[in-house]
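Take a moment with the sequence and the model below.

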Amino acid sequence: MSPDTEVWQCPFAHTNGLEFDPLLQQLLNEAPIARIRMPHGEGEAWLVTRYDDVKFVTTDRRFSRAAGIGRDLPRMTPAPIAQVEAINLMDPPEHNRLRRLVAKGFTNRQVEQLRSTTQRIVDGFFDEMTEHGAPADLIRFLSSRLPLTTICELLEIPASDRRQLRGWAMDMMAVGVPDREAADEAKKQLRAYFTDLTAQRRRDPGEDLLSSLATARDGDELLDPQELAVLGMVLLVTGHDTTTYQLSNITYTLLTHPEQLAKLRTDPELLPTALEELLRFIPFRQGVGIARVATEDVEIDGVTVREGEVIHVSYLAANRDPQMWERPGELDLERGSPHHMTFGYGTHHCLGSHLARMELQVAIGTLLDRFPHLRLAVPEDEIDWNTGSIWRYPLALPVAW
């Protein structure tokens, strides 16, 4: 890095509803490969925001997540979210081994077999909402319940434990400095819970995903106990967090874009395509995720990232790259792909993306079908938004029909 390279101060704390972060937009427009400082961690990092550059960094093995273990890397949260043994900090070939094992117990076919169960759960939630009557908080009746229920059913986690697990998962994502202790404690408690649970499943396996992972072999090799416990944690947290917030965000976005909603009501077959556009368009979190470290000097569009330097990517900005999409700041439910990056890209593309898509299709499709006159029950400017974690979502979403 040359001494005169501008360093951008990046709090990434934009929490104004679902408005796109103007700082990310500015970086994409003016400094698509930038030097940044973040709220936590030591030193500076590179940040790439263009779609093709994000694609390059996330698929080039010279950028390593594992190489950052033991370093206090620049990040969003006071405590690092990922754990040392987690699949999301591994590089190939270790990452490939673990991913193969997960894939054996988490196939598209198994997710599709869950569709009828998910439909039944959603129907029950909407029966309760109908009985309650309008106005009703969609988060209370749907968003806060469906994804957690689905992943816990997949893992066969007892219903009595789910509220506590959800609380720990939320504490881990907090961004405030005073929350560091709570985040560390939550991570410790989740790890202890899954250490016990996975040991039980290895001794006495059932038909659930956790049992499949506890007994799956790669050649003669089983996952070691700590790998298995951390993998259970990762599946729980990533298996419900994004979908929980996106159910609310997608509904809010549709109800505040009446012309687009009308297209979907006129043509329900448009739903899968529409959901992909909504996933691209909605900035469902703040800032950036897990950093990588260059293991040798690498050039990106004429900029040299030196060995040992830290690099972040922004999937959010990549989803708004005008080189990939015309009018990227507009919602167009009839827009075709290219593929968005909401579920990541490359080595660490989200393993649960097919589960999330299935849940969104069932939930949003059923919501629009059962409530043809659905509308917000309060003015847009009266909705309160989360500001305490990396996730962006309404704290309550009152709807009427």
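**A helix, a sheet and a cavity**

Helix H15 spans residues 353-370, and its 18 residues reach 25 Å from first C-alpha to last, close to the 26 Å expected at 1.5 Å a residue. That expected span is 1.5 Å times one less than the number of residues. Helices (H or I, at least four residues) and strands (E, at least two) are DSSP runs, numbered from the N terminus. H15 is mostly covered, with 13 of its 18 residues buried (under 20% relative accessible area, 1.4 Å probe, protein chains only).

This is a predicted model: local features need pLDDT of at least 70, side-chain atom pairs count only at pLDDT 80 or more, and totals for chains, interfaces and linings use all residues. Residues are numbered from 1 along each chain as its sequence is written, and side-chain values use heavy atoms, leaving out hydrogens and water.

Now the sheet. Six strands form an open sheet with mixed pairing, in the order S1-S2-S3-S11-S8-S4. Strands S1 (7-9) and S4 (63-64) are the edges, each pairing on one side only. Two strands pair if DSSP finds at least two bridges between them. S3 (residues 45-48) and S11 (residues 310-313) run parallel, joined by three bridges. Val48 has Val313 in S11 as its bridge partner. Helix H2 (residues 51-59) packs on the sheet, touching S2, S3, S4, S8 and S11 (contact: heavy atoms within 4.5 Å).

Where is there space inside? Residues including Phe12, His14, Arg285 and Arg392 line the largest cavity, a set of points on a 1 Å grid over the protein atoms alone where a 1.4 Å probe fits but cannot get out, with lining residues having an atom within 4 Å of a point.

Technical notes: Buried means under 20% relative accessible area, exposed over 50%, partly exposed in between (1.4 Å probe, protein chains only). Axes are lines fitted to C-alpha atoms, for helices over the stretch in contact, and angles run from 0 to 180 degrees between N-to-C directions. On a 1 Å grid over the protein atoms alone, a cavity is a set of points where a 1.4 Å probe fits but cannot get out, and a pocket is an open set with protein on both sides within 12 Å along at least five of seven lines; lining residues have an atom within 4 Å of a point.
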